[in-house]
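The following explanation is intended for a reader meeting this structure for the first time. Please keep the sequence and the model in view while reading.

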Amino acid sequence: MDPATRAPGPIGQRALLITTLALPLTGWTLHALTLHRRLAAERRDPLTGAQRRAAFERRAQRLIARHRQDALLCLVDLDHFKGLNDTHGHAAGDAALAATGERLACWAGPHGVVGRLGGDEFAVATRTGEYAIEQHLQDLVTALHKPVLTDAGPVAVAASVGAAVPDYLGIHALPALMRGADVSMYRTKHSGHYGWAEIEDLQTPTVNGRRVGRPGTALERAA
């Protein structure tokens, strides 16, 4: 019999069986990788690398619940962002957003989480560890005010920062902390400094989770 037409022996049969089984497994592996990447893309903003709101909120709440004594939540809003876009173009605006996401991630460290809440507004939750909170926040403000390199050259940027310290406020629910950080951020808007949330800030009326008086809210709809 021609060796080419000879039936495979036991070893050849096992190899054929393994190969046959591996084909669908390979297909499933590729499918799983594709699905994983798709889900990751849905959780992460591609421009800034920050988590989208829902993913950020889940991770931030876990961080705050586990590290109550040294957790820190900040809201960050780029100042005069529309003017930056109008003056330097949307490419420069995108560069500023991307730089902000990178700077927040570096400041938060490997165990922190950064979220892009929409437009030019970000949130970040991290642990202060051995840092003095005041110095930690001042480092954040300094980093956010560094010029951003664009194709047209360096562009000046600035950001307002509002902070909420769970241990100081005695509150560990993320919605209340974000409300307090939001109020403190707008209280110090354009000052070049950071703001602290106080107990009374947690009682500020909101509309759909946003402080009354912010763009997109109306006082008469306040709950």
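The model is a predicted one. Helix α2 comprises residues 53-66, and its 14 residues reach 20 Å from the first C-alpha to the last, close to the 20 Å expected. Its buried residues are A55, F56, A60, L63 and I64. They lie on the same side of α2, because the arc they cover around the axis is only 150 degrees. A general rule of helix geometry applies here: an α-helix has 3.6 residues a turn, so residues three or four places apart point the same way.

Helix α5, residues 133-144, has twelve residues and reaches 17 Å, close to the 16 Å expected. Within α5, the residues H136, L137, L140, V141, A143 and L144 are buried. These buried residues fall within an arc of 165 degrees seen down the axis, so they line one face of the helix. Among the elements that cover them are β2, α4, β4, β7 and β8.

The whole structure contains seven salt bridges. In one of them, R127 meets D70 at 3.2 Å, N to O. Because R127 belongs to strand β4 and D70 to the loop between α2 and β2, this pair ties together parts 57 residues apart in sequence. R127 is partly exposed, at 38% relative accessible area, whereas D70 counts as buried at 15%.

A further salt bridge joins the side chains of K189 and D77 (2.3 Å, N to O). K189 lies in the loop between α7 and β8 and D77 in strand β2, 112 residues apart. D77, D79 and K189 are linked in a network of salt bridges.

Conventions:
Residues are numbered from 1 along each chain as its sequence is written. This is a predicted model: local features need pLDDT of at least 70, side-chain atom pairs count only at pLDDT 80 or more; totals for chains, interfaces and linings use all residues. Side-chain values use heavy atoms; hydrogens and water are left out. Helices (H or I, at least four residues) and strands (E, at least two) are DSSP runs, numbered from the N terminus. The expected span of a helix is 1.5 Å times one less than its number of residues. Buried means under 20% relative accessible area, exposed over 50%, partly exposed in between (1.4 Å probe, protein chains only). The arc is that of the directions from the helix axis to the C-beta atoms. Contact means heavy atoms within 4.5 Å. A salt bridge is a side-chain nitrogen of Lys or Arg within 4 Å of a carboxyl oxygen of Asp or Glu.
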